[in-house]
Amino acid sequence: MRTKPSDAKLTGLFLDMLAAEQGAGPNTLDAYRRDLTDFSEFLGRVGHSFADAETQNLRDYLADLDARGFKSTSVARRLSAMRHLYRFLLNERIRAEDPAAILSGPKRGRGLPKVLSIADVDRMLRRAKELSEAQDASPSKRLRALRLYCLLEVLYATGLRVSELVALPRSAAKRDARMIVVRGKGNKERLVPLNEASRQAMADYLAATEAAKTEKKKDSLAASKWLFPSFGESGHLTRQHFARDLKELAVASGLQARLVSPHVLRHAFASHLLHNGADLRIVQTLLGHTDISTTQIYTHVVEERLKSLVRDLHPLAEK
């Protein structure tokens, strides 16, 4: 009798496919691995595995997630992982049927993204600039302040994903560069324009790293291929480190830390562009969204702007 492949082996094959055929990055693969590991553990407790689970087993798992207090968005993500897994197993002829095909996910409204106002972003930029110019700061503290100011200026100028931002190459900071090449999801490249403020912030930050070459440790960082180098395993600043620094800056700017994150600033970039008249397709390109439906979460901004235009400009509008 043919032995059924283990869940661990099937998960490995599935993740290999995602990486090879869809260009899934480490964060995406880790998320799938965590979700499928939890699913596998549940099936093991009821005497099943990926290879022989039935639709009712999948329904029971979704009910178990709900009983454990998972939000509808998290349940929907787990269901998506199962659907992708069983579609893969069906295509590979490891299974003859797809037990996830007839499942329906939890009803969920798509929440609007948290967005900072233009005034809020200006406050953070001003505070970051002040810290980077503090005359009484030590060289190392000033270098960190310049790095944070540079990160903030580039993020708000480009709307990059935080993973794209922290992994920018040193070559992105060329003084005459009007555009940078960004390698995003699926290893796809896109061109993103820079404004004068972000270019100047990068130039000031790089000048400070060059000045720090006299210290042996910092010399190795200054020679790094990354724009924001680190001694960690990745060689560049981590997303978590930047997020912590950003929250500290938010508090120093008089904002609530819980309202500020790198992703919230990405939302601010998109929302502020649309509010000022940018085309949704252009914003889609700048954000690196493959599907316009992903960008349409910002249509509430466009709708509000259209309402205000009609209210202010229509000849029959009430004065």
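Trainee: Which residues does Phe242 touch?

Mentor: Leaving out residues up to four places away in sequence, Phe242 touches Leu148, Leu151, Leu155, Val162, Leu165, Val166, Leu237 and Pro262. Contact here means heavy atoms within 4.5 Å. Keep in mind that this is a predicted model: local features need pLDDT of at least 70, side-chain atom pairs count only at pLDDT 80 or more, and totals for chains, interfaces and linings use all residues. Residues are numbered from 1 along each chain as its sequence is written, and side-chain values use heavy atoms, with hydrogens and water left out.

Trainee: How many residues are in the largest nonpolar core?

Mentor: That core has 43 residues, and Met124, Leu165 and Phe242 have the most contacts inside it. A nonpolar core is a set of buried Ala, Val, Leu, Ile, Met, Phe, Trp, Tyr and Cys residues joined through side-chain atoms within 4.5 Å. Buried means under 20% relative accessible area, exposed over 50%, and partly exposed in between (1.4 Å probe, protein chains only).

Trainee: Which helix gives the largest share of this core?

Mentor: H6, with ten residues. Helices (H or I, at least four residues) and strands (E, at least two) are DSSP runs, numbered from the N terminus.

Trainee: How many bridges join S1 to S2?

Mentor: Five, and the two strands run antiparallel. Two strands pair if DSSP finds at least two bridges between them. Val182 has Arg190 as its bridge partner in S2.

Trainee: Now the annotations. Which residues does the UniProt "active site" annotation cover?

Mentor: The unreviewed UniProt entry lists Arg161, Lys185, His263, Arg266, His289 and Tyr298. UniProt positions are given in the numbering used here, feature names are shortened, and annotations may be inferred rather than shown by experiment.

Trainee: Is His289 buried or exposed?

Mentor: His289 counts as buried because its relative accessibility is 15%. His263 is partly exposed, at 46% relative accessible area.

Trainee: What joins the side chains of His289 and Arg266?

Mentor: A polar contact of 3.4 Å. That term means a pair of N or O atoms within 3.5 Å; within protein, one must be able to donate a hydrogen and the other to accept it, and residues adjacent in sequence count only if both atoms are side-chain atoms.
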